[in-house]
Amino acid sequence: MRDPFTRLGSTLVTPTVRQAGFGVWLSGRTLALLPHLWRRRRSLLDQMYLAGVKSVHVVAFVAFFIGMIVALQIGLKLAEYGQQDSIGMLVAISMAREMAPFVTAVVLAASVASAMAAELGTMKVQDELTALEVMSIDAVSYLVLPRVLAMTLMAPILTAVADVVGIVGGGVIAVTQLQLDFPAYLLSVDEALRDPGLLGLPQDLYAGLIKSVVFGFMIAVVGCGSGMMAEKGAAGVARTTREAVRTSIILIIIFNYFLSWLLVA
Amino acid sequence: MIELRGVHKSFGPLQVLRGLDLFVDEGRSFAVMGPSGSGKSVLLKHVIGLLRPDSGRVLVAGNSVPDLGRDELRELRREMGYLFQFGALINWLTVFENIALPLRETTDLPEDEIAGRVRRVLRQVHLEGAEDRYPSQISGGMQKRVGLARALVTEPRVILYDEPEAGLDPGMSQSVSELMRELQGEFGITSLIVTHSQLCARIAADRLGIFDQGVILVEGTPAEVLASDHPRVREFLGSRRE
């Protein structure tokens, strides 16, 4: 019978450290395999469609409501002080800096990372990953590289969609609840995003887009890595899928703080 | 061609291989029968280099498998095929794409030559016309044949079979076993077969070993072994009348 500390270590600490180590290795290996990209172009396009195009409607729907919530929460308070004209500015900044990349990443974690974990997990427990290995096919190049790259490319595009839709959502509240006219709202938005930064993009906008690139990469690595570590049949795949979503969301929150600190603060 | 000498392997406190000795001549076929969960698949995984022994030697075509570097192991694996228990086909690829996969990924062959090779192995496993179907659209027996075609398409010198009869009815099991024998006879492929089925061993193997408690207890031609008086062998075979 092992002592409680050993048991705690082997059930909690060891798997977490192993998973983290595998995630770091997988990230490095994926980046090292970038020269294989041309061979994976078809798979990359498939994954961009699955991860990006098929998530647009969910991201847009959530972003629209987030934009409305932000406008409502802040706008009503501003109206008490007669400052509701600034609502466009505040919605634009909060969407661009924070809400759009965060919400997009959470939607992608829940939908795409879970799908990746389930797909690769099923392949693992059905010996398909072992089959690739015995055929001398690199599973990271064949499976992980197109998925990770597709998410890394699609996350900022979806974030840009969320920015626009969220701002429109905020506009709906500005017009219907705060009695502003839409052109005045857009003027306020424009004022907020006028400050030019990298590549001529508004500084707040590119800060959010850089965040989303990191989130996209991270979510896909967690999804694929969790799947590749799946064990013990259908129950193992289910556990892996759960862990992929949970780990992704926790990492999104932690990285969000540090990226905000680096990019904005 | 395949040689295991004094191979030991444990997983934690569980000793799976306890000084296993096994030898398969080039171009011959060796079947290993034994109880479920006794470690027969572990044996195959040592031969293909998925597992390393705690001690002992594993040689394939004169190469010490545990001592090979990553690239050397990849080269060796290109000369080996592996038929998985349930086929292990990639489910989003068609039958054709599954079989073409190792050629597309590990060779520079032009697409028309790959197509020619795929059609040839499909004929060999009697699956002409199934090219465009997905694994979920074909039966377990057909999946096994596709797995075999995928193992054959690289023209290997060695094929490892992990319970080729698993999940098949007796008729289909006999048909797959006959196909294995046919391929071995035609191409002189060295085969190591892990099986539960006496029928499969009788049809497909030149030699048979009964595996129990980490070693081969009895070895000989299938007829000799199946008639053995060894009490453990009688106990095992008695519970598996076919």
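The legends below describe close-up views of a predicted model.

**View 1. The one cavity of 30 Å³ or more that a search of the whole structure finds.** A cavity is a set of points, on a 1 Å grid over the protein atoms alone, where a 1.4 Å probe fits but cannot get out, and the volume, about 150 Å³ for the largest cavity, is the space filled by probe spheres set on points joined across faces, edges and corners.

**View 2. The lining of the largest cavity, made by 14 residues.** Lining residues have an atom within 4 Å of a point, and A:Val134, A:Met135, B:Met80, B:Arg150 and B:Thr154 lie nearest the centre. The strand β6(B) gives the most, with three residues, where strands are DSSP runs of E with at least two residues and helices are runs of H or I with at least four, numbered from the N terminus.

**View 3. Helices α8 (residues 203-228) and α9 (residues 233-263) of chain A, whose axes come within 9 Å and cross at roughly 155°.** The axes are lines fitted to C-alpha atoms over the stretch in contact, with angles running from 0 to 180 degrees between N-to-C directions. That crossing makes α8(A) roughly antiparallel to α9(A), a term for angles over 145 degrees. Contact, meaning heavy atoms within 4.5 Å, involves residues including A:Phe215 and A:Met218 of α8(A) and A:Leu251 and A:Phe255 of α9(A).

Residues are numbered from 1 along each chain as its sequence is written, and chains are lettered from A in the order in which they are written. Local features need pLDDT of at least 70 and side-chain atom pairs count only at pLDDT 80 or more, while totals for linings use all residues, and side-chain values use heavy atoms, without hydrogens and water.

Key: 1 Å grid on protein atoms, 1.4 Å probe; cavity = no way out; pocket = protein on both sides within 12 Å on 5 of 7 lines; lining within 4 Å. Parallel < 35°, antiparallel > 145°, perpendicular 65-115°, else oblique.
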